[in-house]
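Please read these notes beside the sequence and the 3D view. They are meant for a reader who is new to the entry.

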Amino acid sequence: MRLLSTIAVLGLLAGTPVGVGAAPVLVTLDDAGPQAVQALKQAPGVAWWAEFGDRLLLVGDTDRVLQSRGAAPMQVLDGIDPDRLFLHAASCAHGVDGDTPHADPGLPIARVGHWELRALRAGETLPTADNSHWQPLPRNRVAIERYRGSGAAADPLVLPLVAAIDPARWYAGVETLAAWDRNSFGSGIVLARDWIGGAFAATGLAVTLPAFTLQGRTLNNVVGVWTGTRRPDEWVIVGGHYDAIQSGGGSGAIAPGADDNASGCSGVIELARALTAFRPQRTVVFVCYSGEEQGLHGSIAHVAALRSGGDLAKVTAMINMDMIGYSRDGTFDVLLETNGQNRAYIERFAAVAAAYAPELGTLLSTNPFGSDHVPYLQAGVRALLTIQGDDTTYPHYHRATDTPANMDAGGWSQSIGGAILRMNAAMLAELAGAGDRVFADGLDPGDNGAAGR
């Protein structure tokens, strides 16, 4: 995570003298272990704290907090009212790391994934519309956490499945999808739909194209089903949207949607290819949604169909992929996002990431927002989003320049995309009971501490 350059320009963090009363103190955690982080939270003078990725905000007696610094770098946020700090679901349409002016109120302090920490200035108020983008900064709580735990023990029966992930094949799928105008009302959405259906069918899945209506147009989700070998009435859902938003780049401009979200949709196909060869015990439902960019319409329609068909209770877990192909600087972070009720699920995911994709830095958030996992969470399903840590610093987001070449400008797409897919493949193998194995103790990994249902 990086401090936004706006702060440095205003001089609010650099060189602030000790003795500024109750100004918040921002601590850079870097590689601090859990014990060191806990000691900072309990340091003399701390009235309350909030953890935000690689930053820890300490509020209280500033002088005493600074005296307890230890080796941790600290910066005083002079002039910042701690009671006016908010989490904001940011859009990189406002610029990268604060390099261009932000239209939203508040001073950006730090960013992790698609969440910003912002301070409202005197006289500023939250927007009256779209307040879902804003949440008060929680006190004495981890808002976004960098996972610092140990990895799970790698399962020899899962390793071959993880090794079956082919990043080059995944990237070729991104290139194919990005060649079409995949706006929900664009000319290529049907071509993309049919190509996805063909890819599912070639994997051996039973394919359907359930329809829903959006603004008078009939759209389709693409659903491919693998029926479980031993537990067919227990379902795991793997999803990602295949539509792309129309660019603001002028009349007739389209967004190829390479990162958002050909990367996630091609990832769903790649997981299907890797998983089905290992005969999962549970039924796995692979879904590529349409209408996401207009308000999660495809995933909302799928949840409604599960409910009306009496199948919602069968769903044991859901994994969503949205923007998994971009790294800004060759550092591979993934943000895992669910709600507070599924803390064990997200922690298990992080442990699996450490075991099967150790090159990933893992960030944990229980503030769900704005992607296709949300309708499932609202329906009580154990669901989680996997998204690149640099999603809002991607300069081509929702633009006609969101092409595979720009997504891969640093040459890191297959590395980060492959790592996220290996993590998801390992977790999916655990959830679905891949390998057609029999568990001698009568239990299976899907019933461990990760279970939320």
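1. Helices (H or I, at least four residues) and strands (E, at least two) are DSSP runs, numbered from the N terminus. In these terms R230 sits in the loop that joins β13 (222-226) to β14 (231-241). R230 is partly exposed at 43% relative accessibility, on a scale where buried means under 20% relative accessible area, exposed over 50%, and partly exposed in between (1.4 Å probe, protein chains only). Its C-alpha atom is 4.9 Å from that of Q281, although R230 and Q281 are 51 residues apart along the chain.

2. The model is predicted: local features need pLDDT of at least 70, side-chain atom pairs count only at pLDDT 80 or more, and totals for chains, interfaces and linings use all residues. Residues are numbered from 1 along each chain as its sequence is written, and side-chain values use heavy atoms, with hydrogens and water left out.

3. The protein chain has 12 helices and 19 strands. Of its 453 residues, 58% are buried. Taking contact as heavy atoms within 4.5 Å, 80% of the contacts with a separation of 6 or more are between residues 24 or more positions apart.

4. T28 belongs to strand β1 (residues 25-28). T28 is buried, its relative accessible area being 13%. Beyond the neighbours within four places in sequence, T28 is in contact with D54, R55, A72 and P73.

5. Which residues of α5 are buried? They are P167, W170, Y171, G173, V174, L177 and A178. These residues lie on the same side of α5, because they cover an arc of only 150 degrees around the axis, the arc being that of the directions from the helix axis to the C-beta atoms. The buried residues of α5 pack against α6 (189-202), α7 (258-276), α11 (404-407) and α12 (413-432).

6. A salt bridge is a side-chain nitrogen of Lys or Arg within 4 Å of a carboxyl oxygen of Asp or Glu. By this rule there are 19 salt bridges. One of them joins E116 and R118 (2.5 Å, N to O), and both E116 and R118 are buried.

7. E270 and R273 also form a salt bridge, with the closest N and O atoms 3.6 Å apart. The two are three residues apart in helix α7, so about one helical turn separates E270 from R273. E270 is buried at 0% relative accessibility, whereas R273 is partly exposed at 28%.

8. In the salt bridge of E430 with R348, the closest N and O atoms are 2.7 Å apart. E430 lies in helix α12 and R348 in helix α9 (residues 343-356), so the pair ties together parts 82 residues apart in sequence.
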